[in-house]
Amino acid sequence: GQGNYAAANATLDALAAHRRAAGLPATSLAWGLWAEERSMAGLLDESSVARWARMGVGAIPNDLGMELFDRAGQVDGALAVPVLLEQAALRAQARSGLLPALMRGLVRAPARRERTTGGGTLAQRVAAAPAADRPGIVLELVRAQVAAVLGHSSPEAVDPERAFKELGFDSLAGVELRNRLTQAGGVRLPSTLVFDHPTSGAVAAYILTGLDGPPARPSLSPFEEELQKVEALLNELAGDSAQLAELEPRLRAFNNRLWSVLGGATHHRDNPEQDLVDELDDVSDEDMFDLIDKELGS
């Protein structure tokens with residue numbers, strides 16, 4: 001909800017850089033979070049303030065803010081960043097693998113360790129458990145991470161069937177949950193996780209499906225041999241544009257018939273997750289956050 005504010009700040013940064021390049025005085029200040037509960041800071045709820053604290057960004061009291069303002073006049077540059085950083089929180093984020101890339105140069109990065117949860121990776125724990133216990137193991141992890149994002153002291157506060165938007169999630173909380181689950185569970189998850197799976201139970205079921213592997217596909221036999229023949233023929237005709245042009249109408253008709261049988265756009269693809277990632281490469285972060293916020297009802 002602060003896109004207009006960010007755009008205005010970018011304009012000020014550019015103006016300061018332009019003036020400096022022309023030999024004129026200017027310094028733009030990219031302020032961190034202020035403790036004063038007015039203006040923009042007054043619009044933040046407790047979960048948003050807690051998220052900043054977990055990232056290692058503290059709230060600047062008024063007296064320190066005024067001191068930083070005075071000291072910024074000594075900066076010989078177009079941009080200064082007066083932010084109160086909490087080193088302990090930054091180190092904790094670095095240890096958990098959740099420190100944002102922008103801040104990774106501020107603390108010493110710990111040695112990489114294999115992601116484990118309670119005596120082994122999530123995949124190992126699930127594989128070693130009886131089939132009946134596996135959903136509970138994954139749900140326990142998901143609820144714990146949801147509780148951490150929301151600032152709850154216990155996973156018991158998270159109703160697994162209650163929608164994330166009802167729990168107080170926004171788009172940034174959704175991204176944080178995805179990142180936490182990726183680190184804690186060692187599983188690759190899409191950015192639209194809470195959009196596609198809007199409850200803790202749904203997320204757990206999705207993760208469990210990935211750990212168990214995709215469902216087995218039915219055999220194409222007795223059609224496999226015929227399909228291989230078609231593929232071989234197309235390979236032979238790769239350089240014969242005239243014959244390929246003659247085949248094109250029939251191949252298109254066959255393709256349309258196949259889509260009709262499989263249910264059009266709902267047919268199963270080899271890797272829908274990767275298809276989504278490829279499509280999202282052309283979507284800006286702002287567009288994605290806007291989409292998720294709208295779907296969450298923010």
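The dialogue below goes through some features of a predicted model.

Q: What kind of model is this, and how are residues numbered?
A: This is a predicted model, in which local features need pLDDT of at least 70, side-chain atom pairs count only at pLDDT 80 or more, and totals for chains, interfaces and linings use all residues. Residues are numbered from 1 along each chain as its sequence is written, and side-chain values use heavy atoms, with hydrogens and water left out.

Q: How many helices and strands does the protein chain have?
A: Helices (H or I, at least four residues) and strands (E, at least two) are DSSP runs, numbered from the N terminus. The protein chain has 14 helices and 4 strands.

Q: What percentage of the residues is buried?
A: Buried means under 20% relative accessible area, exposed over 50%, and partly exposed in between, with a 1.4 Å probe and protein chains only. Of the 298 residues in the protein chain, 28% are buried.

Q: How are two packed helices described?
A: Two packed helices are described by the angle between their axes and the distance between the axes. Axes are lines fitted to C-alpha atoms, for helices over the stretch in contact, and angles run from 0 to 180 degrees between N-to-C directions. Here the axes of helix α2 (residues 46-55) and helix α4 (residues 87-96) come within 7 Å and cross at roughly 80°.

Q: What is the word for that angle between α2 and α4?
A: Angles under 35 degrees count as roughly parallel, over 145 as roughly antiparallel, 65 to 115 as roughly perpendicular and the rest as oblique. α2 and α4 are therefore roughly perpendicular to each other.

Q: Which residues meet where α2 and α4 are in contact?
A: Contact means heavy atoms within 4.5 Å. From α2 come A53, R54 and M55, and from α4 come A89, L90 and Q93.

Q: What does Q93 touch, and what does L99 touch?
A: Not counting residues up to four places away in sequence, Q93 touches R54, M55, L98 and L99. With that exclusion, L99 touches M55, L90, Q93, A94, R104 and V107.

Q: What is a nonpolar core, and which residues touch the most other members of the largest one?
A: A nonpolar core is a set of buried Ala, Val, Leu, Ile, Met, Phe, Trp, Tyr and Cys residues joined through side-chain atoms within 4.5 Å. The largest nonpolar core has 28 residues, of which V142, V146, F164, F169, L177, L181 and I207 touch the most other members. Helix α6 gives the most to this core, with 8 residues. Apart from it lies another core, of 7 residues, including V57, L90, M103 and V107.

Q: How far apart in space are S47 and F169?
A: The C-alpha atoms of S47 and F169 are 9.0 Å apart, while the two residues are 122 residues apart in sequence. For the whole protein chain, residues 24 or more positions apart account for 63% of the contacts with a separation of 6 or more.
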